[in-house]
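Please keep the model open beside you as you read.

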Amino acid sequence: MEKKSILIADDDKEIRDLMGMFSKMSFPDYPLEVFINGKELDLRLKKDPEGLAVVLTDNQMPFINGNEMIKFYAKMYDYKKIPFFLCY
């Protein structure tokens, strides 16, 4: 069985790197997928909800902000069991 992925989305490279480092230290066996804006994250979320462990997203990002993203996916059945964390 393939491990579920940790998704990180932030338009600030330093924050992405920091969240990635903490995620890899805490959960070294989980694949990490990193995105630079809400549009890229949205495309990935739509691709495979079964393969997701957790989503960490910035609130203020280009195209789709984290708050809008969470509100949208919280209404969808396939995403109800996936934890979304909004980071500021």
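1. The side chain of Asp17 meets that of Lys13 in a salt bridge, 2.7 Å from N to O. A salt bridge here is a side-chain nitrogen of Lys or Arg within 4 Å of a carboxyl oxygen of Asp or Glu. Both residues lie in helix α1 (residues 13-26), four residues apart, about one turn of the helix. Helices (H or I, at least four residues) and strands (E, at least two) are DSSP runs, numbered from the N terminus.

2. A word on the ground rules: this is a predicted model, in which local features need pLDDT of at least 70 and side-chain atom pairs count only at pLDDT 80 or more, while totals for chains, interfaces and linings use all residues. Residues are numbered from 1 along each chain as its sequence is written, and side-chain values use heavy atoms, with hydrogens and water left out.

3. How many salt bridges does the structure hold? There are three salt bridges. Is Arg44 buried or exposed? Arg44 is buried, with a relative accessible area of 7%.

4. Not counting residues up to four places away in sequence, Glu33 touches Ser5, Ile6, Leu7, Ile8 and Arg44, where contact means heavy atoms within 4.5 Å. Glu33 and Gly20 are 13 residues apart in sequence and 8.8 Å apart in space, C-alpha to C-alpha.

5. Asp42 pairs with Lys46 in a salt bridge whose closest N and O atoms are 3.1 Å apart. Both lie in helix α2, four residues apart, about one turn of the helix. Asp42 is buried, at 11% relative accessibility. Leaving out residues up to four places away in sequence, Asp42 touches Ile64, Met69 and Tyr73.

6. On to the nonpolar cores, each a set of buried Ala, Val, Leu, Ile, Met, Phe, Trp, Tyr and Cys residues joined through side-chain atoms within 4.5 Å. The largest has 13 residues, and Leu7, Leu41, Leu45 and Val55 have the most contacts inside it. Two or more residues of this core come from each of β1 (5-9), α2, β3 (52-58) and α3 (66-74). Another core, of five residues, lies apart from it, with Ile6, Ile8, Val54 and Leu56 among its members.

7. Beyond residues up to four places away in sequence, Leu41 touches Leu7, Ala9, Phe35, Val55, Thr57 and Met69.

8. Finally, please check Phe63, which has a positive phi of about 75° although it is not a glycine. Most residues other than glycine have a negative phi. Where is Phe63 found? Phe63 is in the loop between β3 and α3, and with a relative accessible area of 61% Phe63 is exposed.

Definitions and conventions
Buried means under 20% relative accessible area, exposed over 50%, partly exposed in between (1.4 Å probe, protein chains only).
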